[in-house]
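My notes follow in the order I took them.

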Amino acid sequence: MKKIILWFGVVLFYSLSLHAEEINLQEIDSQARAERPNTNSIMFRRNAEMYRQLSDEERADISAQREEARKVRLQQEEYARRRAAEEMRRRQMEEAQREAERRRAEALRPITLYENKLKIYALVNGEVITSNDMQSRINAFILTTGIPYNPQTKAMITGKVLQSAIDEKLKIQEAEKNKIKVSQKEINSALRQFEQSNNIPAGQLKKILADAKVSVKVWSTQIEADLAWRKLIAQKGFDEVSVSENDISKALTEIKNDQKKQKFMVSEIVIDKKDAKDLQQLVENLRQDPRFELYAMQFSQSPSAANGGRLGWVGLGKLPAVLENAMLKMKDGEVSNPIAYGKDFYILKMEKIFNPAVDRPETPSRQEVRNFLENKKLEEFSNRYIKNLRSHALIEKKV
C-alpha cells in the first residue's frame with residue numbers, strides 16, 4: 001500500500017513539475033503587482049535581488065529585449081489598424097459600386113410614357129408619330145446605346161429620338177418618291193446581321209425587344225429607313241463623291257506638313273444654346289462614362305456627330321480662339337466644361353496630344369486617302385440632303 005501511495009506521489013509531483021514549466025512567471029509577476037502594488041512577496045524580493053546581481057551588460061540586454069518587444073507590439077497594432085482601414089475602404093468601394101450599378105440598372109430600365117395612353121408627338125407631312133412610337137424608340141435607344149435615361153439626359157434623349165423619328169419618316173417618304181423599295185427579305189437579313197454582330201442567338205432578338213418594351217414594328221421601320229436612305233444616297237450622290245488624283249495629292253501634302261507640327265486629337269459635342277439644359281450634368285456624365293463618341297453621335301448638333309464627334313488632328317490656329325484657349329489647357333483624356341461660342345455650347349475632349357519631336361505617325365496610302373475623301377463627301381451630301389428635306393417638309397411637333 002505504501003508503494004502505491006509513494007508511486008502516486010511521484011507521478012503527481014512530476015505532473016506538477018511539467019505544468020510549472022509552462023507557467024509564465026513574468027505574467028504572474030505583473031498580475032500580482034497590479035493587484036497588490038505594495039506586496040512584500042518573497043518572489044518579488046528574490047527577483048529584485050537577482051536583477052541587482054546582474055551585470056550592466058545583462059541589464060542592457062534585458063532592456064533591449066523589452067524595447068524590441070514593445071516595437072514589435074506597436075508594429076502589430078499598426079498593421080492591424082491598417083488592415084482594418086483597408087477593409088473598411090474596400091467595403092465602402094464595393095457598396096459604392098453596388099449603388100452605382102443599382103442606379104445604372106434603374107436608369108436603363110424600359111420607360112412607359114403617359115401610362116400607355118395614346119398621344120400625338122408630331123406630324124410629318126401628315127404622317128403621325130405617336131407616344132407609343134416614341135416609347136418604343138426611347139427604349140430602343142436605351143437598349144442599343146446603354147446611355148442612362150435620367151433627369152440629366154431625359155430631355156436630350158427625347159429630343160434626339162423625336163428628331164430621328166421625324167428623319168425616318170422623311171427618308172422613307174423621299175425613297176418612295178424616287179421609286180426605291182426595301183423588301184422584307186432585306187429587312188430580315190439586316191435583323192439577322194444585327195443578331196450576329198451582337199452575339200445574339202438566331203431568333204432571340206424578338207424576345208430581347210419584348211423584354212425592353214420595344215415594338216418589332218418600330219425596330220423594323222428604323223432598319224427600313226436606314227436601308228432606303230443608303231440606296232437613295234448611293235443613287236443620288238454618285239457624282240458627289242468623285243475624287244481626283246489631284247485631290248489625293250493635295251491631301252497627302254497637307255498630311256505630311258501637319259506631321260511636322262504640334263497638333264491635338266480632339267472630339268466635340270455641340271449643343272445649341274436654346275437646347276442646352278442641364279449641360280453641366282451632361283459633362284459630369286461624360287467624365288464618368290468613357291464613351292464620349294457615343295454621346296456625340298446621339299446628342300451633338302454638329303456634322304462631326306456622324307463621326308462620333310471626332311475632329312481629327314487639329315493644329316494651332318485651326319479653331320476659334322475661345323476654343324483653342326480651352327484646348328491648350330487640357331490634358332490627355334480630359335473633358336472640358338461647356339464653352340460658349342456663337343449660338344452654341346461646345347464640349348471638347350482631348351483624345352491625344354501629338355509632339356513631332358517624339359511621335360512618328362505613318363503616312364496613309366493614296367487608297368486610304370481616297371476612301372477617306374469619298375466617305376467625307378458622301379457624308380456631307382447626305383447631311384445636305386436631309387437638311388433640305390426638313391426645310392421643305394410640313395413638320396408639326398405637338399409635345
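**Entry 1: a pair within one helix.** I started in helix α4, residues 56–107, where Glu67 and Arg70 sit three residues apart, so about one helical turn separates them. I am working from a predicted model. The side chains of Glu67 and Arg70 meet in a salt bridge, at 2.6 Å from N to O. Glu67 is partly exposed, with a relative accessible area of 32%. Arg70 is also partly exposed, at 34% relative accessibility.

Entry 2: I then looked up Asp272 and Lys343, whose side chains form a salt bridge at 3.4 Å, N to O. Asp272 is in strand β3, while Lys343 is in the loop between β5 (339–341) and β6 (344–354), so this pair ties together parts 71 residues apart in sequence. Is Asp272 buried or exposed? It counts as buried because its relative accessibility is 13% and the cut-off for buried is under 20%. Lys343 counts as exposed, at 54%.

**Entry 3: other salt bridges.** I noted Lys398 with Glu396, their closest N and O atoms being 3.6 Å apart. Lys398 is partly exposed at 48% relative accessibility. Glu396 is partly exposed at 33%. I also found a network of salt bridges that links Glu78, Arg81 and Arg82. The count of salt bridges comes to 21.

**Entry 4: the second largest pocket.** I recorded a volume of about 1700 Å³ for the second largest pocket. Its lining has 41 residues, and Leu311, Gly312, Trp313, Phe372 and Lys376 lie nearest the centre. Which element gives the most? I found that α14 does, with twelve residues. I sorted the lining by class and got 15 nonpolar, nine polar and 17 charged residues.

**Entry 5: the whole chain.** The protein chain has 14 helices and seven strands. Of its 399 residues, 31% are buried. I looked at contacts between residues at least 6 apart in sequence, and 71% of these join residues at least 24 apart. The accessible surface of the chain comes to about 26900 Å². Carbon and sulfur atoms account for 52% of that surface.

Technical notes
Residues numbered from 1 in each chain as written. Predicted model: local features only at pLDDT ≥ 70, side-chain atom pairs only at ≥ 80, totals over all residues. Heavy atoms only, no water. 1 Å grid on protein atoms, 1.4 Å probe; cavity = no way out; pocket = protein on both sides within 12 Å on 5 of 7 lines; lining within 4 Å. Points joined across faces, edges and corners; volume = space filled by probe spheres on them. Helix = DSSP H or I, 4+ residues; strand = E, 2+ residues; numbered from the N terminus. Nonpolar A, V, L, I, M, F, W, Y, C, P; charged D, E, K, R; others polar. Buried < 20%, exposed > 50% of the residue type's maximum accessible area, 1.4 Å probe, protein only. Contact = heavy atoms within 4.5 Å. Areas by Shrake-Rupley, 256 points an atom, 1.4 Å probe, with all protein chains shown as cover. Salt bridge = Lys/Arg side-chain N within 4 Å of Asp/Glu carboxyl O.
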